[in-house]
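Please consult the sequence and structure shown below while reading.

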Amino acid sequence: MAAEMHRPARSCVSTMTALLVVTILSVMAAGEVSALQTGFYASSCPKAEETIYSTLQQLHANDPDLPPVLLRLHFHDCFVRGCDGSVLLQGSGTERTAPVNGRLEGFGAIDAAKAAVEKLCPGIVSCADILAFAARDSVKMVGGPGWEVPAGRRDGTVSLASEASSNLPGAQMDVNQLTANFGKQGLTRDDMVILSGAHTIGEAACVHIDNRIYDYPSPSGVDPLLPKDFAAKLKKKCRERGSTKRKFDLDSGTSATFDAQYYKNLAKRTGLLTSDQVLYEDARTRPLVLESSNNANFFPKFTQAMVKMSQISTLEGSQGQIRQRCGYVN
């Protein structure tokens with residue numbers, strides 16, 4: 001086969017090169033090229049990832065709810081101004097103060113991980129990268145897959161509550177709304193279905209299912225899609241409307257393990273949030289829900305989607321800063 005190949009004419013090579021340059025420049029202009037790379041701290045802070053993992057592992061031993069909290073924190077960061085650690089900033093009017101972020105937790109764990117790496121390598125590892133590593137480590141700690149995290153993010157200096165409210169997806173969205181919401185971040189409908197699988201761990205406040213067990217437009221006020229015995233259990237758990245203190249597991253089967261059970265629940269119509277169950281009810285997304293109902297299919301898709309999400313509108317190079325403390329601009 002090699003003997004049959006011919007060298008392109010010089011003019012052809014020049015044309016191909018010019019087209020390649022134009023293509024690269026066009027992609028860069030669209031913000032689709034990232035300078036993030038795996039092993040980013042191999043020389044500057046070689047034990048960074050190991051130190052972050054061990055710190056979080058120690059905290060997890062005393063706080064079994066930590067993994068879903070950190071995974072959610074990374075998601076909420078990336079969907080507002082990109083993955084720049086802006087969700088970590090404290091102060092009046094910051095993202096942390098937005099009603100949609102009212103139940104965000106895990107800030108102390110990120111601070112602990114930051115303090116640990118600062119002792120090793122002061123001023124080197126960004127809070128945005130720590131958050132991305134923490135999301136990966138959290139999944140791994142509860143039985144999910146690990147993956148290589150491209151790093152090199154810089155920390156943002158702006159955090160606005162108003163942007164959190166307008167950019168994060170809602171629990172009552174349908175597939176069209178979810179697709180549009182994720183699309184604004186450069187994510188596809190398939191990415192949305194797979195990233196929703198993060199709800200295989202964690203919990204939510206009962207107020208988020210009022211529309212399914214109390215206020216659905218049916219004689220009983222209950223969504224007829226919910227199996228009757230399951231709806232009764234939910235009502236027992238969430239005894240009154242509007243409760244933000246009472247909580248329920250997003251995955252009613254294996255809530256402490258990262259696995260594909262979430263998708264099996266949807267097929268049984270025991271998904272909790274409207275935005276979860278619609279993925280099975282909509283003919284456009286149901287095939288991927290069914291395909292993802294085993295770990296062998298779900299895990300590789302999830303890792304790919306997480307890597308893609310973690311590169312949304314990142315600050316790199318000389319942009320932003322490396323915060324000394326994650327909650328405050330230097």
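How do the residues of the lining of the largest cavity divide into nonpolar, polar and charged?

## Basis of the model

This is a predicted model, in which local features need pLDDT of at least 70 and side-chain atom pairs count only at pLDDT 80 or more, whereas totals for chains, interfaces and linings use all residues. Residues are numbered from 1 along each chain as its sequence is written, and side-chain values use heavy atoms, with hydrogens and water left out.

## The cavity

The lining of the largest cavity comprises six nonpolar, two polar and no charged residues. Here Ala, Val, Leu, Ile, Met, Phe, Trp, Tyr, Cys and Pro count as nonpolar, Asp, Glu, Lys and Arg as charged, and the others, Gly among them, as polar. The lining consists of H74, A132, A135, W147, V149, M306, V307 and S310, with at least two residues supplied by each of α5 and α14.

The space inside amounts to about 30 Å³, and one cavity of 30 Å³ or more is found in the whole structure. On a 1 Å grid over the protein atoms alone, a cavity is a set of points where a 1.4 Å probe fits but cannot get out; a pocket is an open set with protein on both sides within 12 Å along at least five of seven lines, and lining residues have an atom within 4 Å of a point. Grid points are joined across faces, edges and corners, and a volume is the space filled by probe spheres set on the points.

## The largest pocket

The largest pocket has a volume of about 1200 Å³. Its lining has 49 residues, of which R72, H76, H199, E203 and L250 are the closest to its centre. By class, 28 are nonpolar, 13 polar and eight charged.

The largest share of this lining, seven residues, comes from α3. Helices (H or I, at least four residues) and strands (E, at least two) are DSSP runs, numbered from the N terminus.

## Annotated positions

The UniProt annotation "binding site", from an unreviewed entry, covers T200, D251, T254 and D259. These positions span 60 residues in sequence, yet no two of their C-alpha atoms are more than 9.9 Å apart, so they gather at one spot. UniProt positions follow the numbering used here, feature names are shortened, and annotations may be inferred rather than shown by experiment.

D251 lies in the loop between β2 (247-249) and α11 (261-267). Its relative accessibility is 0%, so D251 counts as buried (under 20% relative accessible area, with exposed over 50% and partly exposed in between; 1.4 Å probe, protein chains only).
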